[in-house]
Amino acid sequence: MAYDKFNILTSTAVPLPIENVDTDQIIPARFLKATERTGFGDNLFRDWRYQTDGTPKKEFILNNPIYKGQILVGGKNFGSGSSREHAAWAVYDYGFRCVISSFFADIFRNNCLNIGVLPVQVSAAFLDQIFKAIEADPTTEIKVDLPAQTITILATGAQETFDINAYKKENMLNGFDDIDYLLNIKENIREFARHTPL
């Protein structure tokens, strides 16, 4: 399933300075029955966002209209727990294209990269700068430059580089998942097969 290409994203951000956010908190297990990637955004952080009667919890950050944007800034160890792909689907379906943290669980990171959400891992010190900048001004914009692999707090000019697997980077730039990538090089595969003895 192809998704929008990711190149340079400049956006305000939603701060969630909570460590060890696991996939069951991102999308509770009772919402995992669907097999398509759509519709999960409504239940992103469901138990943190809503009371049992379905009314929004005013104190939760996603219910605060001051904070919005396509970037979610999480605390250390974001996406730990089970390997459910639905957690990444919920993040994407809600509208986030980038998640920033000082550490990601490997499976969650890969699930994000497979569906068009860019997980940007920064140092603990830089993450703290981001949280402070957003706290000082919720309209603070963050620029995530995938080709250059840099992240910049525009208000201060503070910048840091981030790592990403070269194959996943190329797929993000082209809006490919793994199947799209293979379809894109199918002629190369056929040519290789024609010239390779069995």
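How many disulfides does a search of the whole structure find? The search finds 0 disulfides, where a disulfide is a pair of cysteine sulfur atoms within 2.5 Å. Cys98 is in no disulfide, and the nearest cysteine sulfur, which belongs to Cys112, is 9.5 Å away. Cys98 is buried, with a relative accessible area of 0%, and Cys112 also counts as buried, at 0% relative accessibility. Here buried means under 20% relative accessible area, while exposed means over 50% and partly exposed lies in between, with a 1.4 Å probe and protein chains only.

**The model and the chain as a whole**

This is a predicted model, in which local features need pLDDT of at least 70 and side-chain atom pairs count only at pLDDT 80 or more, whereas totals for chains, interfaces and linings use all residues. Residues are numbered from 1 along each chain as its sequence is written, and side-chain values use heavy atoms, with hydrogens and water left out.

The chain has 8 helices and 8 strands, which are DSSP runs numbered from the N terminus (H or I with at least four residues for helices, E with at least two for strands). Of its 198 residues, 45% count as buried. The accessible surface of the chain comes to about 10400 Å², and 52% of this belongs to carbon and sulfur atoms; such areas come from the Shrake-Rupley method with a 1.4 Å probe, and for residues only the protein chains shown count as cover. Among the contacts in the chain with a separation of 6 or more, 67% are made by residues 24 or more positions apart, a contact being heavy atoms within 4.5 Å.

**An open sheet**

An open sheet is formed by 4 strands in the order β2-β3-β4-β5, with parallel pairing; two strands pair if DSSP finds at least two bridges between them. The edge strands are β2 (13–16) and β5 (118–121), each of which pairs on one side only. Between β2 and strand β3 (residues 71–74), which run parallel, there are 4 bridges, and the bridge partner of Leu16 in β3 is Gly74.

**Helices α3 and α4**

In helix α3 (86–94), the buried residues are His86, Ala87, Ala88, Trp89, Ala90 and Val91, and they pack against α1, β4 (98–101) and α4. Just after α3, Gly95 takes a positive phi of about 125°.

The buried residues of α4 are Phe108, Asn111, Cys112, Leu113 and Ile115, and what covers them includes α1 (23–26), α3, β5 and α6 (166–174). Asn111, found in helix α4 (residues 106–115), counts as buried because its relative accessibility is 11%. Leaving aside neighbours within four places in sequence, Asn111 is in contact with Ser83, Arg84, Glu85 and Ala88. Just after α4, Gly116 takes a positive phi of about 100°.

**Thr140 in a loop**

Thr140 lies in the loop between α5 (124–136) and β6 (142–145), and it counts as buried because its relative accessibility is 5%. Beyond its neighbours within four places in sequence, Thr140 is in contact with Ser11, Thr12, Ala13, Ala133, Ile134, Ile153 and Ala155.

The side chain of Thr140 reaches the backbone oxygen of Asp137 at 2.7 Å. Thr140 and Tyr67 are 73 residues apart in sequence and, from C-alpha to C-alpha, 10.0 Å apart in space.

How values were computed. A polar contact is a pair of N or O atoms within 3.5 Å; within protein, one must be able to donate a hydrogen and the other to accept it, and residues adjacent in sequence count only if both atoms are side-chain atoms.
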